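Let's take a walk through this model one piece at a time.

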Amino acid sequence: MTEVAAAPARAETGTPPSPETIRQALADSTLRPRDLAESLGIGEASLLAAQVDGERVTRIDADPDTLLAAIPELGEVMGLTRNESVVSEINGVYGGYRRSERAGLVLNGRIDLRFFPSHWVYGFAVVAETKAGPRHSFQVFDAAGDAVHKIYLAKGADPAPWVALRDKLALEDQSRDLPVGPRDTVEPAQEAPEKAEAMRAAWAELGDTHKFPAMCRTFGVNRLGAYRTVGAPHARKLEPASVGRILNRLAETGTPSMIFVGNAGCIQIVSGPIGPIKEMGPWLNVLDDDFNLHLRGDHIAEVWVANKPSRRGPAVSVDFFDARGGLIAQIFGHRTSEVDHNAAWMELVEEEIARCADEVPA
């Protein structure tokens, strides 16, 4: 596992520690880098910036046009996207790069990303010493210094192409000071119960799942608020424990799914069947050969089944949120360009809906 430490919301402090103080903390600490950054009240990017030396840590151009478009030349790599509650790691070859002004995608087999360039602010090339030897990566962070996306060279791969790309991407500015802003606050559920009937009618006429955000804006709600406002049959509430049971059922039945894990700057989608779920303390883990998922089950506060009608059939997802109302991740049944509906997935979801209904006290 590359990363397994969950981070609480960082407390914003006054004067951040100096690069020298950060390096001393690194020398003295046994914490994982992300945990150490949190303990110091800084973003992970500041931790890396303090170590810039042109060899182990190098500041690079974070523009996706420069970075993501060049990654295919490294062959198979591991892409990592996370938020405070879940980490998604997938092995594959990057390709199919496309970008518009506000968003872009990388789509090539197992690698499936949606990215938002305005959040790709700071980039670093990192050589980390591990028990298995040096681990080479490119890491991107947002304006607050929080991780957006990381790309790791495959274990045992020739590092020469990575070094060449690092040198090509290296910025002239290799300073150790990193100006960062505050984290964006998580928006709590925005509900509109007085608009419930109108929203239900609009929901029934969606026709395309991509129209859902526009519908929410029209009614002045967000995703969680829409689910609470509209309710059944479009949105049905499950239990926090439902997520673990659904993941286990996906593994037991071999039902292919699509697991969406993201943050403000990147969404990573992993499609296909998953292996057995391994529980380690509060963590729910998928440890497949080419895909790892690490989910903090104790962070799940609210779970909804959302059924969005489309011209290709109903698109049904299980969305789960933390206590602040932030979206942790989404699970869909595996879809194709022709069909949104997945009968095996629907059966599994209906099974969980019925179970939760049966457990509600009379």
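What you're looking at is a predicted model, where local features need pLDDT of at least 70, side-chain atom pairs count only at pLDDT 80 or more, and totals for chains, interfaces and linings use all residues. Residues are numbered from 1 along each chain as its sequence is written, and side-chain values use heavy atoms, with hydrogens and water left out.

Start with alanine 147, which sits in strand β9 (residues 147-153). Its relative accessibility is 12%, so alanine 147 counts as buried. Buried means under 20% relative accessible area, exposed means over 50%, and partly exposed is in between, using a 1.4 Å probe and protein chains only. Which residues does alanine 147 contact, leaving aside its neighbours within four places in sequence? They are Glu44, Arg82, Val140, Phe141 and Asn263, where contact means heavy atoms within 4.5 Å. Alanine 147 and glycine 43 are 104 residues apart along the chain, and their C-alpha atoms are separated by 8.3 Å.

You'll find methionine 346 in helix α10, and with 14% relative accessibility it counts as buried. Valine 316 is 30 residues away from methionine 346 in sequence, while the C-alpha to C-alpha distance is 7.5 Å.

Now for helix α2. Its buried residues are Arg34, Leu36, Ala37 and Glu38, and what covers them includes α1 (19-28), α3 (44-49) and β2 (76-82). After α2 comes glycine 41, with a positive phi near 75 degrees.

A salt bridge is a side-chain nitrogen of Lys or Arg within 4 Å of a carboxyl oxygen of Asp or Glu, and a search of the whole structure finds 23 of them. In one, glutamate 38 meets arginine 183 at 2.8 Å, N to O. Glutamate 38 is in helix α2 (residues 33-40) and arginine 183 is in the loop between α5 (160-169) and α6, so this pair ties together parts that are 145 residues apart in sequence. Glutamate 38 and arginine 183 are both buried.

Glutamate 38 and arginine 183 also belong to a network of salt bridges linking Glu38, Glu84, Asp146, Arg183, Asp322 and Arg324. Within it, aspartate 322 pairs with arginine 324, with the closest N and O atoms 3.0 Å apart.

Another salt bridge joins arginine 245 and glutamate 352, whose closest N and O atoms are 2.6 Å apart. This pair links distant parts of the chain, with arginine 245 in helix α9 (residues 242-253) and glutamate 352 in helix α10 (residues 343-359), 107 residues apart. Arginine 245 and glutamate 352 are both buried.

Next, helix packing. Axes are lines fitted to C-alpha atoms, for helices over the stretch in contact, and angles run from 0 to 180 degrees between N-to-C directions. The axes of α6 (residues 196-204) and α7 (residues 212-219) come within 11 Å and cross at roughly 160 degrees. The two helices are therefore roughly antiparallel; the cut-offs are under 35 degrees for roughly parallel, over 145 for roughly antiparallel, 65 to 115 for roughly perpendicular, and oblique for the rest. Ala198, Met199, Ala202 and Trp203 of α6 make the contact with Phe212, Met215 and Phe219 of α7. By class, that gives seven nonpolar, no polar and no charged residues. Nonpolar covers Ala, Val, Leu, Ile, Met, Phe, Trp, Tyr, Cys and Pro, charged covers Asp, Glu, Lys and Arg, and the others, Gly among them, are polar.

Helix α6 also packs against α8, at an angle of about 105 degrees with the axes 9 Å apart. That makes α6 roughly perpendicular to α8. Here Ala196, Met199, Arg200 and Trp203 in α6 meet Ala226, Tyr227, Thr229 and Val230 in α8. This contact divides into six nonpolar residues, one polar and one charged.

Our last stop is proline 233, in the loop between α8 (223-230) and β10 (235-238). The peptide bond from alanine 232 to proline 233 is cis, with omega near 5 degrees.

Definitions and conventions
Helices (H or I, at least four residues) and strands (E, at least two) are DSSP runs, numbered from the N terminus.
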